[in-house]
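Here is a short briefing on a predicted complex.

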Amino acid sequence: MTTALELRDLRKTYANGLEALKGVSLSVREGDFFALLGPNGAGKSTAIGIVCSLVNKSGGSVHIFGHDLDGDLAAAKRHLGLVPQEFNFNVWEPVEEILVNQAGYYGIPASEAVPRAERYLKQLGLWDKRHGMARDLSGGMKRRLMIARALVHEPRLLILDEPTAGVDIELRRSMWRFLRELNAQGTTIILTTHYLEEAESLCRNIAIIDHGQIVEDSDMKSLLNKLNLQTLILDLAEPLAALPDLGHFPLRGVDAQTLEVDVSREHDLNALFAALDRHGLRVVSLRNKSNRLEELFVRLIEEGKLRGHGAAGGGA
Amino acid sequence: MSRLARYRVAFWTILVKEVRRYLRIWVQTVVPAAISTALYFLIFGQLIGSRIGDMDGHRYIDFIVPGVIMMAIINNAYSNVVSSFFSAKFQRHVEEMLVSPMPNAVILLGFVSGGVARGLTVGVAVTLVSTLFIDLQVHHLGLTLAVAVLTATLFALGGFINGVYAKSFDDISIIPTFVLTPLIYLGGVFYSIELLPEFWHGVSLFNPILYMINAFRYGFLGVADIAIGTAFSIIGLFIVGLYLFALWLLERGVGTRS
């Protein structure tokens, strides 16, 4: 299968000496829905900036659908669409004009750009705002405008940097649906987000970057399988007088009708429910205490910190 | 579609966007120049000029009209590009262009052409205003238009370089205020350098704007303080030098990429 994006030993040292990327290598297959996660300042935006030619790299190479950014920049860029984290359109321009102009920068004449703008503005619910100035849009509409703008030249690879930051739940869900459909139609999507539920729900493959290095690069299922303990919250039908002993399932009381239970990978949920049943406890609802990916993410970042501290300690 | 055809579409997109931008705010971009030059013509040309007498064999008001038109062209070509490119950086929508496949030369030519378009639009407006005060004669129409377009191109390039380096709104007004305005006023808009003492006459010859204003005046009146060939050579050299420098700045990402 074709590789949509390939980073090889990508390095970036800023003028102030900050080493933002320390040799990042990454491969994203065509058609993938890929999550690039990492804490603030980990190097995600620098990596995206280099891929989109907004940041000069210090070393390494970038290939987009086989086109080298150093050797065939124009061909590489033609396949790429970017939805940046911050609003970066001219707020004094009408909405439709922003899309038609963006298409024009890619050499798409107005006769072709106008129908495309109409299609994407309609799909993203902005058609009735097409003549209004961009500054008059709400925050959620501005986010959708940036997605429409990134799609107007119909890129094969779409990079979204925190596309749903500050967006309400309803709109976020509708954006997820839209992105899923887009991916199903063949567009490769790379997503950075702080909403790990979003990454878990949408993405098939994932890389975690921390301190300018990739600390995890695998498919979502394998990564989640590394989680060997999850904490569930159980809401009971009736109040509990005393905590029963469930053996392999340590229980903690949150309140009279709510319990927390740790379930390891060696034990299945059927065994948990059988134990609850034996003690006459009826469960009316169940949920994860935290998002599974979030738990893994925090653990990986913490491990990275410990490794970093260890190395520093060893050197002292 | 060929690569060249795509670049042509990209160039027109920037040019049309720039023209729309300054026409959308015509009260800020076109009207002030027309009003201030009308005042120049009224005060310096008619009221004071009638007492000054002839300059280089022409009525004083006839003498200053080409210089005042050129002043408007220079200021507007420069300010259009510097403010537009700096705003694009400030609001970060320059990234729309930087992530696209269009070459830096197309970005540069698009912005510069926008500046030339505004310079010429304002130049035409000021010329129309001047017809309220004088019976306008054009000695060499082709030469006049060539000097106008080339000078607007030169200062649009200057405005682009200023916009690349600018980090704040103060930075886009420093060069126009402290460099351009003195050079324009001392470049023979309101006087012939033949009136100056020998030393200052010699110093004035180092002012490149003198050549542009005089070449433009030659197009209207058929008189100039300098050789027209020299003026075209100087304008051409500056255009080539500034174009190459501006393109190099874009290629290096100075002011646009980290």
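Two residues count as in contact if their C-beta atoms, placed from the backbone, lie within 7 Å. On that basis, 25 residues of chain A are in contact with 22 residues of chain B.

**Model and numbering**
- This is a predicted model: local features need pLDDT of at least 70, side-chain atom pairs count only at pLDDT 80 or more, and totals for chains, interfaces and linings use all residues.
- Residues are numbered from 1 along each chain as its sequence is written, while chains are lettered from A and ligands numbered from 1 in the order in which they are written.
- Chain B has a mean pLDDT (the predictor's confidence in each residue, from 0 to 100) of 92, and 100% of its residues reach 70 or more.
- For the complex, the predictor gives an ipTM of 0.89 and a pTM of 0.86.

**Side of chain A that touches chain B**
- 25 residues of chain A take part in the contact with chain B.
- Helix H2 (73–78), strand S6 (80–83) and helix H3 (95–105) of chain A each supply at least two of the residues on this side.
- Helices (H or I, at least four residues) and strands (E, at least two) are DSSP runs, numbered from the N terminus.
- H3(A) gives the most, with four residues.

**A sheet in chain A**
- Four strands form an open sheet in the order S12-S13-S11-S14 (chain A), with antiparallel pairing; strands pair if DSSP finds at least two bridges between them.
- Strand S12 (251–255) and strand S14 (283–288) of chain A are the edge strands, each pairing on one side only.
- S12(A) pairs with strand S13 (residues 258–264) of chain A in the antiparallel sense over four bridges.
- Asp255(A) stands opposite Thr258(A) in S13(A).
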